[in-house]
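Subject: Structure for your review

Hello,

Please find the structure below, followed by notes on what was found in it.

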Amino acid sequence: MVPAAAAAAAPARFGDGRDWFFEKRFGLFLHWGLYAIPAWHEQDLYRKRLKREQYEPLIQQFNPVKYRPAEWLDALERAGMEYVCFTTKHIDGFCLWDSAATDYKVTRTPYGEDVLKMLAEECGRRNVPLCLYYSVVDEHQKNYPHAGRPYEFAGPQAGDEPDLAKYLEYVKRQVRELCTNYGKIGGIWWDANVLKVRDASVRAMIRELQPAAVINNRGFDDGDYGTPERDYDRTVEGVGIFERPTEACEAVGYQSWGWRADEDYYTVSHLKRSIQKTLAKGGNYLLNVGPMADGTLPARATGMLDEIGRWYKAVKEGLTAEPAGRLAADASLLFTRRGKTLYAHVTAEPATDALLLQPMAEKPVRATLLNTGKPLQAEVVRLPRLWNQKPDRCLRVKGVPEGTAGAVVKLEME
Ligand code: GLC
């Protein structure tokens, strides 16, 4: 018998075209822009407190002659990922599409091509939903009202004409372009609304132009889903099942989202567990790579994606099953289920060579470690340390090799 359902239940689907978001759970985040040239951080201008004239001339150097979106999507497929989120405009204000609203854009670089169009066409060919990241903070556009909030200049810069209404017109005009000229869009991924402007008309426009587009919660309203980032949001740890649609995001690099030549990378084990913790709770996961200035993905990052992909494909049936929360006393274990099959997700390195699934006390027909496909020994035993607990017997699973990051144990119950 499968244990009773956990108290919380996964959120209902949207019931429209946006439901692709529940089918495709693991995506590739791509932070690309002028900042790939200094190769330090996507907020190069802000974090080094540069003046525009020290950063913006990079537009004369942007020439990614090795950019082949097909190669990016090959890497995505090897990783087992099924959708993309691409930075069309980060906080520096540089636009990676041929926007009619500005000259600070990719088609005014030596490269001259609309890199978003190239990516959108490749995504369309492969039926890979493409979400578009757009920063509300804009360090270039002259109407943006800088006032020293995060990512902003301390105040207006030479030549600026601060005017919030005009700036919001600019945003809407650009988002209309993005929702009109690039085929079907999977979503709009807002970021950095430090102005805290609320405006329901933006959402209405996106809905009308792109009914299948999911909208995140960093824009002008609460959006369709939450976006916990890296491990900053500690409240996520305690959750067993996400109550609203959620997409966690993380980068392969610890310091930056854009390409950083001297990056401090996460370990693949850490990332596997991070992905596992999110998916087992019913969330989606966006893993970021910063493409280099020549348009290619760094070999170190694609190597990591390949390794993650081999793992992800092996354990995916468990990661994408229905979230069931914490069914065992051991809080590092998360569960998912599919019919009579339970999947135990081992999200931290166990202290012992046995998984004790107390209070579960029923022997499964079969136990398998999805990571390797190998059978595990599962039996109900009476344990000395459980003598004063009810039940004093528990299901014990042995045979998960030490150091198996992202272990998923499949338990086929009667
Ligand atoms: C952080 C970074 C920002 C990046 C974002 C992605 O907020 O500061 O540069 O785009 O994460 O979620």
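Which residue forms a salt bridge with Lys 89? The partner is Asp 138, with the closest N and O atoms 2.8 Å apart. A salt bridge here means a side-chain nitrogen of Lys or Arg within 4 Å of a carboxyl oxygen of Asp or Glu. The two residues are 49 apart and link distant parts of the chain: Lys 89 is in strand S2 (residues 83–89), and Asp 138 is in the loop between strand S3 (130–135) and helix H6 (164–180). Helices (H or I, at least four residues) and strands (E, at least two) are DSSP runs, numbered from the N terminus. The structure holds 33 salt bridges.

This is a predicted model, in which local features need pLDDT of at least 70 and side-chain atom pairs count only at pLDDT 80 or more, while totals for chains, interfaces and linings use all residues. Residues are numbered from 1 along each chain as its sequence is written, and side-chain values use heavy atoms, with hydrogens and water left out.

- Glu 42, at 2.6 Å
- Tyr 133, at 3.3 Å
- Asp 191, at 3.4 Å

On its own the ligand has 310 Å² of accessible area (Shrake-Rupley method, 1.4 Å probe), and the protein covers 94% of that.

Backbone. Most residues other than glycine have a negative phi, and most peptide bonds are trans. Ala 192 has a positive phi of about 60° although it is not a glycine; Ala 192 is in the loop between strand S4 (187–191) and helix H7 (200–209). A cis peptide bond joins Gln 358 to Pro 359, with omega about 5°. Another cis bond runs from Lys 390 to Pro 391, with omega near -10°.

Regards

Notes
Polar contact = N/O pair within 3.5 Å; in protein donor to acceptor, adjacent residues only side chain to side chain.
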